[in-house]
Amino acid sequence: MADEIEIYADGACKGNPGPGGWGVILRAGSHEKELFGGERDTTNNRMELTAVIRGLEALKRPCRIHVFTDSQYVVKGMTEWLAGWKKKGWKNAAREPVKNVDLWQQLEALAAQHDIEWNWVKGHAGHPENERADQLANKGVENL
């Protein structure tokens with residue numbers, strides 16, 4: 001049986017675009033690891049995607065993963081939109097290039113190595129791990 005991992009991911013941006021940060025909490029049983037970072041010129045959606053990517057990159061072997069994010073963009077992208085984008089040559093419903101295609105392709109490749117359940121949580125609503133991921137993302141911005 002693959003390891004069960006929980007990933008709590010969040011992104012933040014001061015201005016959109018502007019300086020941004022990402023934060024991730026990885027939990028396996030009673031073990032936790034926190035990661036964060038930032039970029040000087042980015043968007044909120046790029047930071048939301050980067051948070052999940054960095055969490056998946058930290059894993060050393062295939063796992064059963066429960067991803068929790070307050071980004072509908074990430075959840076819907078991975079569960080509803082990705083297949084259509086690929087079929088249309090990475091174009092959206094308006095036949096325009098998909099934004100952040102570099103990160104979507106990275107995320108898709110990493111996700112393919114695992115069994116992932118995508119979960120949306122309401123942001124800034126008192127969800128303890130989401131609040132901590134948000135704090136880490138803001139720390140990523142502050143430490144630029």
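At what angle do the axes of helix α2 and helix α3 cross? The answer is roughly 95°, with the axes of α2 (residues 72–87) and α3 (residues 101–111) coming within 11 Å. Axes here are lines fitted to C-alpha atoms, for helices over the stretch in contact, and angles run from 0 to 180 degrees between N-to-C directions. Helices (H or I, at least four residues) and strands (E, at least two) are DSSP runs, numbered from the N terminus.

Before going on, the sources. This is a predicted model, where local features need pLDDT of at least 70 and side-chain atom pairs count only at pLDDT 80 or more, while totals for chains, interfaces and linings use all residues. Residues are numbered from 1 along each chain as its sequence is written, and side-chain values use heavy atoms, with hydrogens and water left out.

Back to the helices: α2 and α3 are therefore roughly perpendicular to each other, a label for 65 to 115 degrees. On the α2 side the contact (heavy atoms within 4.5 Å) includes Y73, V74 and W85, and on the α3 side W104 and L107 are among the residues.

Now the sheet. Five strands form an open sheet with mixed pairing, in the order β3-β2-β1-β4-β5. Two strands pair if DSSP finds at least two bridges between them. At the edges are β3 (31–42) and β5 (115–120), each pairing on one side only. β5 pairs with β4 (residues 63–69) in the parallel sense over six bridges, and T69 stands opposite W120 in β5.

Finally, α2 lies across β4 and β5, at about 140° to β5.

Terms used. Angles under 35 degrees count as roughly parallel, over 145 as roughly antiparallel, 65 to 115 as roughly perpendicular and the rest as oblique.
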